[in-house]
Amino acid sequence: MSCALNLACTWFDAAFEQPAHALALKLNVPAIGYESLDNSDYACLLIVDEAGLQLQVTGKKRPGPVRVDFVSGAVAHRRQFGGGTGQLIAKACGLNKGVRPFIVDATAGLGRDAFVLATLGCSVILLERSALVYELLNDGVEQARGVPEICEIVERMTCKGEDSIDWLNSLNPEDKPDVVYLDPMFPHTEKSAQVKKEMLLFRSLVGQDNDAAALLDAALRAALYRVVVKRPRKAPCVEGVPPTYHLEGKSCRYDIYALKKFD
Ligand SMILES: C[S@@+](CC[C@H](N)C(=O)[O-])C[C@H]1O[C@@H](n2cnc3c(N)ncnc32)[C@H](O)[C@@H]1O
């Protein structure tokens, strides 16, 4: 895997020089010593420090960094107060009394949806094809392994830096997941400051997922019970067979392709 962005790996504390070099090698980007965040030759810096990895756009009016943090912030709030199996994502994936499906999240991104499902007791394989996003995701999971309140949750999460279409198409029949969950990128129109700050960089990294129809097709052949596709509320369905039904929330919709009833 390599990364096409104008990006370099950096560190501010010498203790992280070696891991920054190793990461730069993996991503096929330069590793540079101290670099000004205000004025850099690089559009983005991947900073390695004691908190893990963070991706920072450079320039004087830069937004905050992107990092995967399962320990604090919005993700932690949702873990504690999010509504458990009453959440729409849980209903969409078929979580019910005693039912905790084995899920493949084939568009893992920053892992927030997968973390919700793992919090509710599901084992989740997270597949992410962007080399850079995968490194951020994997770092977030590794950081969380050392945190007592959530280490048991992340035990249920396995990250793989793979293209899901290939991965799903080459699955052995005995390894098929109960549910395949998809949340492909879609051109969003929300204007909230929150979306601007956090997601614009992410979107510019991964672009649009123009092969979502092929991914849905592979998912439908791999899942035992259902495929769930998250969409913006008013967005069209992914091209292909229509969903069996959908669940609509305030900002998003879950299209459910039911294959078999849960036992
Ligand atoms: C909208 S984001 C997913 C956000 C995620 N649900 C979350 O909660 O953070 C979509 C992600 O899916 C990844 N992706 C899209 N198609 C993929 C594929 N065929 N294989 C692996 N990853 C894919 C993109 O690189 C992107 O990171």
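In strand β3, Cys 44 is the bridge partner of Leu 7. Five bridges join β1 (residues 7-11) to β3 (residues 44-49), and these two strands run parallel; helices (H or I, at least four residues) and strands (E, at least two) are DSSP runs, numbered from the N terminus. This is a predicted model, where local features need pLDDT of at least 70 and side-chain atom pairs count only at pLDDT 80 or more, while totals for chains, interfaces and linings use all residues. Residues are numbered from 1 along each chain as its sequence is written, and side-chain values use heavy atoms, with hydrogens and water left out.

**Strands and pairing**

- Strands of a sheet pair through backbone hydrogen bonds, either parallel or antiparallel.
- Strand β6 (residues 124-127) pairs with β7 in the parallel sense over four bridges, and here Leu 126 stands opposite Cys 159 of β7.
- Buried means under 20% relative accessible area, exposed over 50%, and partly exposed in between (1.4 Å probe, protein chains only).

**The ligand and its surroundings**

- The ligand is surrounded by 20 residues, and the closest are Asp 113, Glu 128, Ser 164, Asp 183 and Asp 209; a residue counts as near if one of its heavy atoms lies within 4 Å of the molecule.
- That shell divides into eight nonpolar, four polar and eight charged residues. Here Ala, Val, Leu, Ile, Met, Phe, Trp, Tyr, Cys and Pro count as nonpolar, Asp, Glu, Lys and Arg as charged, and the others, Gly among them, as polar.
- A polar backbone atom of Asp 113 is 2.9 Å from an oxygen atom of the ligand.
- From Glu 128, a polar side-chain atom lies 2.7 Å from a ligand oxygen atom.
- An N or O atom in the side chain of Asp 163 is 3.4 Å from a nitrogen atom of the ligand.
- Taken alone, the ligand exposes 610 Å², and the protein buries 97% of that; accessible areas come from the Shrake-Rupley method with a 1.4 Å probe.
- Two or more shell residues come from each of α4 (112-119), α7 (164-169) and α8 (193-206).

**Helix α4**

- Six of the eight residues of α4 are buried, so this helix is largely enclosed by the rest of the structure.
- The buried residues are Asp 113, Ala 114, Phe 115, Val 116, Leu 117 and Ala 118.
- Just after α4, Gly 121 takes a positive phi of about 110°.

- Ala 76 lies in helix α2 (residues 73-81) and is buried, with a relative accessible area of 5%.
- Not counting residues up to four places away in sequence, Ala 76 touches Phe 70 and Val 71; contact means heavy atoms within 4.5 Å.
- Ala 76 and Ile 150 are 74 residues apart along the chain, and their C-alpha atoms are separated by 9.4 Å.
- Asn 28 sits in the loop between α1 (17-27) and β2 (31-32) and is exposed, with a relative accessible area of 60%.
- Phi of Asn 28 is near 60°, a positive value in a residue other than glycine. For context, most residues other than glycine have a negative phi.

Notes. Polar contact = N/O pair within 3.5 Å; in protein donor to acceptor, adjacent residues only side chain to side chain. Pairing = 2+ DSSP bridges.
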